[in-house]
Amino acid sequence: MLSMNVEFGFLEGLVRGYKSEILKTTDYANLLQCDSLEDVKLHLSSTGYGDFLANEQPPLRTTTIREHMTQKLVDELHFMRVQAVEPLKQFFEYIRYSYMIDNIVLIISGTLHERSVQDLLQQCHPLGMFDSVAMAGLTIAKSISEVYRFVLVDTPLAPYFQDCLSEEDLDELNVEIIRSTLYRAYLEDFNRFCEKIGGSTWDIMQPILEFEADRRAINITINSFGQVLLLFAHCARELTRTNSTELSKDDRARLYPRLGKLYPEGHAALARADSQQQVRTIVDVHMQVSAQWHVCALFC
């Protein structure tokens, strides 16, 4: 207990304080009665958000409210992250990795279409921004090869790129395949990390990560129907150099994260699915079986 208080006591108190500031049912009921954004601003000022919009002059915009609320979340998470010790510190980094992946995919897509990196950075989520040294390298990138080298050298996403993506792939792969490849590696890595920690961390994070893995497997399956994509093999580095074709069922399966309630039998069935109705049936069957096994485990 003494060790726990030394390492996590301050953060636990901080989290309890943040939790008490979460909007409650009565707050949402009051927000429904607001007739204007100024009324929304007035009510939010009486909650944990405080005067975060005090310096904003009318007319107030929804984008302004969203940006300030997002920045408040980022500031609070960053404050907790700098106070944390391992393994909690690394856990916070894993939370940020998903936003980093989305930001990098956005930059890759924009760079391929010859858009300015400076403009793209303004659209990136602040939770996925890199440190100052990495950002300095990214802002001067003018080509996809420079972006790739930047990712490999200056970002924590380097292992995911090294294992599954090469520089040549960024010019040829559909950006959603790139995103799915990176998310597969990220979710599997995050799952191993939480399992290694064990305890309540694993008990809480396992269903969350399984849900995200199942959601991505279902989305990949549905989005692949009728899509014209490049043939995808074991990983992007082994991409078959042929003309564009539909994503094959075997290649589709290789994009699924190897975890979740649908893994592995559900993944094999999803890879063979040809319609959304088949996907619905597969999910219903395998989720019911998974739930039954969970109940059996509790009483055995």
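Helices (H or I, at least four residues) and strands (E, at least two) are DSSP runs, numbered from the N terminus. The views below show a predicted model, in which local features need pLDDT of at least 70 and side-chain atom pairs count only at pLDDT 80 or more, while totals for chains, interfaces and linings use all residues. Residues are numbered from 1 along each chain as its sequence is written, and side-chain values use heavy atoms, with hydrogens and water left out.

**Figure 1. Overview of the protein chain.** The secondary structure of the chain comprises 15 helices and two strands. Of its 300 residues, 41% are buried, where buried means under 20% relative accessible area, exposed over 50%, and partly exposed in between (1.4 Å probe, protein chains only). The chain exposes about 17,200 Å², of which carbon and sulfur atoms supply 54%; accessible areas come from the Shrake-Rupley method with a 1.4 Å probe, and for residues only the protein chains shown count as cover. Among contacts between residues at least 6 apart in sequence, 55% join residues at least 24 apart, a contact being heavy atoms within 4.5 Å.

**Figure 2. The largest pocket and its lining.** The volume of the largest pocket is about 1,300 Å³. Its lining comprises 31 residues, and those closest to the pocket centre are Val15, Met80, Leu88, Phe91 and Phe92. Two or more lining residues come from each of α1 (2-20), α4 (62-83), α5 (88-112) and α12. Helix α1 provides the largest share of the lining, eight residues. On a 1 Å grid over the protein atoms alone, a pocket is an open set of points where a 1.4 Å probe fits, with protein on both sides within 12 Å along at least five of seven lines; lining residues have an atom within 4 Å of a point. Grid points are joined across faces, edges and corners, and a volume is the space filled by probe spheres set on the points.

**Figure 3. Helix α12 and its bend.** Helix α12 covers residues 199-224, and its 26 residues should span 38 Å at 1.5 Å a residue; the end C-alpha atoms are 38 Å apart, in agreement with that value. The expected span is 1.5 Å times one less than the number of residues. At Met205 the helix bends by about 30°, and Pro207 follows within four residues. The bend at a residue is the angle between axes fitted to the seven residues ending there and the seven starting there. Pro207 belongs to α12 and is partly exposed, at a relative accessible area of 42%. The C-alpha atoms of Pro207 and Lys261 are 8.8 Å apart, although 54 residues separate the two in sequence.

Figure 4. Ile101 is located in α5. Its relative accessible area is 0%, so Ile101 counts as buried. Leaving out residues up to four places away in sequence, Ile101 touches Leu157, Leu182, Tyr183 and Tyr186. Arg179 lies 78 residues from Ile101 along the chain, with 7.1 Å between their C-alpha atoms.

Figure 5. Gly48 occupies the loop between α3 and α4, and Pro59 is found in the loop between α3 (37-44) and α4. With a relative accessible area of 25%, Gly48 is partly exposed. Gly48 is in contact with Glu21 and Lys72, leaving aside neighbours within four places in sequence. Between Gly48 and Tyr18, 30 residues apart in sequence, the C-alpha distance is 8.2 Å. Pro58 and Pro59 are joined by a cis peptide bond, with omega about 0°.

**Figure 6. The cis bond at Pro264.** A cis peptide bond, with omega about 0°, links Tyr263 to Pro264. Pro264 is placed in the loop between α13 (249-253) and α14 (265-272).

**Figure 7. Glu114 and Phe130 in the loops on either side of α6.** Glu114 lies in the loop between α5 and α6 (117-123), whereas Phe130 lies in the loop between α6 and α7 (132-139). Glu114 has a positive phi of about 60°, although it is not a glycine. Glu114 is exposed, with 75% relative accessible area, while Phe130 counts as buried at 11% relative accessibility. Phe130 and Arg96 are 34 residues apart in sequence, and their C-alpha atoms are 9.6 Å apart in space.
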